[in-house]
Amino acid sequence: MAASQKFWVLLVIIGNSAIAEFRGKLRDGCPMIMYRMLLAIIGLALFSAAYAVDNRPRNLSAPCFACHGTDGNSEGGMPVLAGMDKALFVSQMSDFKSGARPATVMHQHARGYTDEEIKLMAGFFEAQKRK
Ligand code: HEC
């Protein structure tokens, strides 16, 4: 056997025993590893549940701030949306959408949102403190 062949045979033997040892350790330690992984997964789930904030209602409402003020607290002559009753908000937006309520610009804005999105915005503005 040439020297280089001996080297490869030795490497394979060492490699195999190392793998066998590793697998043995893995099997012995399995319940502990699984237990730790389970803990990690539970921890991660709790963490993300606690910190997950749904930004969609605010993101949908942000373009409205330009006229109706930040968080719906208008400073000028525009109607204040902060703290507006959810049902009233939805009915106003539906009336703008259908054209039942006369408007200058709100027809255009209202038509850009689905009923579901209008409900999300209604919840957002209702939850804002009127200043
Ligand atoms: C370009 C300025 C402008 C923007 C942007 C705007 N609005 Fe308006 N909004 C108005 C004006 C002006 C009125 C009064 C009705 C009209 O003339 O269209 C109004 C009225 C309203 C009303 C009725 C309030 C009341 O008390 O009668 C609601 C509800 C409303 N807007 C919601 C929104 C929402 C939600 C958005 C964002 C999607 C929005 N507006 C974006 C200008 C704006």
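A residue counts as buried here if 20 or more other C-beta atoms lie within 10 Å of its own. Keep that cut-off in mind, and keep in mind that this is a predicted model.

I'll start with D71. With 20 other C-beta atoms within 10 Å, D71 is buried. This residue sits in the loop between α4, residues 65-68, and α5, residues 86-98. Its backbone deserves a look too: phi of D71 is near 60°, a positive value in a residue that is not glycine.

Now the ligand. Which residues come nearest to the ligand? Out of the 17 residues around it, they are C64, C67, A103, T104 and M106. What is the make-up of the shell by class? There are 13 nonpolar residues, four polar ones and no charged ones.

Helix α1 covers residues 3-28, which is 26 residues. At 1.5 Å a residue α1 should span 38 Å, and its end C-alpha atoms are 38 Å apart, so the two agree. Helix α2, residues 30-51, has 22 residues. From its first C-alpha to its last, α2 reaches 31 Å, close to the 32 Å expected at 1.5 Å a residue.

Are these helices buried or in the open? The number of buried residues in α1 is zero out of 26, so α1 lies largely in the open. For α2 the number buried is zero out of 22, so that helix also lies largely in the open.

Notes:
Residues numbered from 1 in each chain as written. Predicted model: local features only at pLDDT ≥ 70, side-chain atom pairs only at ≥ 80, totals over all residues. Helix = DSSP H or I, 4+ residues; strand = E, 2+ residues; numbered from the N terminus. Expected span 1.5 Å × (residues − 1). Buried ≥ 20, exposed ≤ 12 C-beta atoms within 10 Å, placed from the backbone. Near = placed C-beta within 6 Å. Nonpolar A, V, L, I, M, F, W, Y, C, P; charged D, E, K, R; others polar.
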